Amino acid sequence: MIMGILTAIIVVLWILPAYLKAPKEYRLDKKFIIKTILMGIVIGFIGAFILQIILGNIFIYIFKIPQESLLYEFIKAFIIFGLIEEVMKFSAGSLSLKKSKFQSKFDYMLIFALAAFGFTLVETSIAASAGGLAGMLRVFFPFHVMWQIFMGAHLYEYKVAKMNNDPKSMKKELAISFGVPILMHGCCDFSTSLIQMAASSIQSAMGTLDIITLVLPLIYMLILIIFTIVTEIKFYKYCKNL
């Protein structure tokens, strides 16, 4: 409960300054904001959670991939977590976007951010309660929200390319809008797994892998923090110039 409140406060502090810089005519209705956040919880988090259980069991019991293996950690990070969670947050944001009176780039970024806000309220609270470096980083740096702001911006560019009948730009923007968040999400979760492996010496028999499993993930976490800060700055500047 406490971590949920802390997460909410920090995410609001990240988004609110940019939102308040936007002209009043761009502001969303409070009821619409609450509905979008709830959709992020129900469709984004709960929907993803159900699919993750199903897909996880498929890989374990049908494809016979050992849960303790590095391969399973990779699949879990990039497919079970990265792919499913980004797609379900997208689904929540898209459904909410269809009900919006406006379809500007600002709406795309903000609505997807709100859906991710709902998702991250639950997910980050659980991760933070479990402790560890990754859990605390997710509290203070809302990765999920920034990935969705990035996705929303490029989905809008996809929409513009579609209106201009530009297939090349459409493919590019669609690939970027999904590819970058899924890749960054997968790398984030895989890095967390590698750090845990290094810390618990699971891979100690593999020699130099100990260094790789500790140093490279930490470098990526630093890159992810920089990405989060840069995305926030771009969002702020965009809102300010509306």
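With a relative accessibility of 21%, Lys 76 counts as partly exposed, because the partly exposed class lies between the buried class, under 20%, and the exposed class, over 50%. This value, like every other in this report, comes from a predicted model. The partner of Lys 76 in a salt bridge is Glu 73, and the closest N and O atoms of the two are 3.4 Å apart. Glu 73 has a relative accessibility of 12% and therefore counts as buried. Because Lys 76 and Glu 73 stand three residues apart in helix α3, about one helical turn separates them.

## The other salt bridges

The structure holds three salt bridges. In general, side chains of opposite charge can pair when their charged atoms come close. A further example joins the side chains of Lys 89 and Glu 86, with a distance of 2.8 Å from N to O. These two residues also lie in helix α3, and because they are three residues apart, the separation between Lys 89 and Glu 86 is about one helical turn. Are the two partners buried or exposed? Lys 89 counts as buried, at 0% relative accessibility, and Glu 86 is likewise buried, with a relative accessible area of 0%.

Another salt bridge is formed by Glu 157 and Lys 105, whose closest N and O atoms are 3.2 Å apart. Glu 157 itself is partly exposed, and its relative accessible area is 28%.

## The overall fold and the confidence in it

Which kinds of secondary structure make up the protein? The protein has eight helices and zero strands, so that, read from the N terminus on, its elements run α-α-α-α-α-α-α-α. Of its 242 residues, 50% count as buried. The accessible surface of the protein comes to about 12,500 Å², and 73% of this surface belongs to carbon and sulfur atoms.

The mean pLDDT of the protein is 87, and 88% of its residues reach 70 or more. Over residues 202–207, however, the pLDDT is below 50, and this stretch has five contacts in the model beyond near neighbours in sequence.

## Aromatic rings

The structure holds 15 aromatic pairs. One of them is formed by Phe 78 and Phe 190, whose rings lie 6.2 Å apart from centre to centre, with 50 degrees between the planes, an arrangement that counts as tilted. This pair, too, links distant parts of the chain, as Phe 78 lies in helix α3 (residues 70–98) and Phe 190 in helix α7 (residues 167–200), 112 residues apart. Both Phe 78 and Phe 190 are buried.

Elsewhere, ring pairs join several aromatic residues into a cluster, which is made up of Phe 90, Tyr 108, Phe 112, Tyr 156 and Phe 178.

Where the surface is concerned, the residues Val 42, Ile 46, Phe 49, Ile 50, Leu 51, Ile 53 and Ile 54 make a nonpolar patch of about 620 Å². One of these residues, Phe 49, lies in helix α2, which spans residues 30–62. With a relative accessible area of 46%, Phe 49 is partly exposed, and it can be part of the patch because a patch residue needs over 30% relative accessible area.

Most residues other than glycine have a negative phi. Which residues of this protein have a positive phi although they are not glycine? Lys 64 is one of them, with a phi near 55 degrees, and its place is in the loop between α2 and α3. At 62% relative accessibility, Lys 64 counts as exposed.

Asn 165 also has a positive phi, of about 55 degrees, although it is not a glycine. This residue lies in the loop between α6 (143–163) and α7. Asn 165 has a relative accessibility of 63% and therefore counts as exposed.

Technical notes:
Residues numbered from 1 in each chain as written. Predicted model: local features only at pLDDT ≥ 70, side-chain atom pairs only at ≥ 80, totals over all residues. Heavy atoms only, no water. pLDDT = per-residue confidence, 0-100. Contact = heavy atoms within 4.5 Å. Patch = residues over 30% accessible without salt bridge, like charges linked within 9 Å, V, L, I, M, F, W, Y side chains within 5 Å. Areas by Shrake-Rupley, 256 points an atom, 1.4 Å probe, with all protein chains shown as cover. Salt bridge = Lys/Arg side-chain N within 4 Å of Asp/Glu carboxyl O. Helix = DSSP H or I, 4+ residues; strand = E, 2+ residues; numbered from the N terminus. Buried < 20%, exposed > 50% of the residue type's maximum accessible area, 1.4 Å probe, protein only. Phe/Tyr/Trp six-rings, centres within 6.5 Å; stacked < 30°, edge-to-face > 60°.
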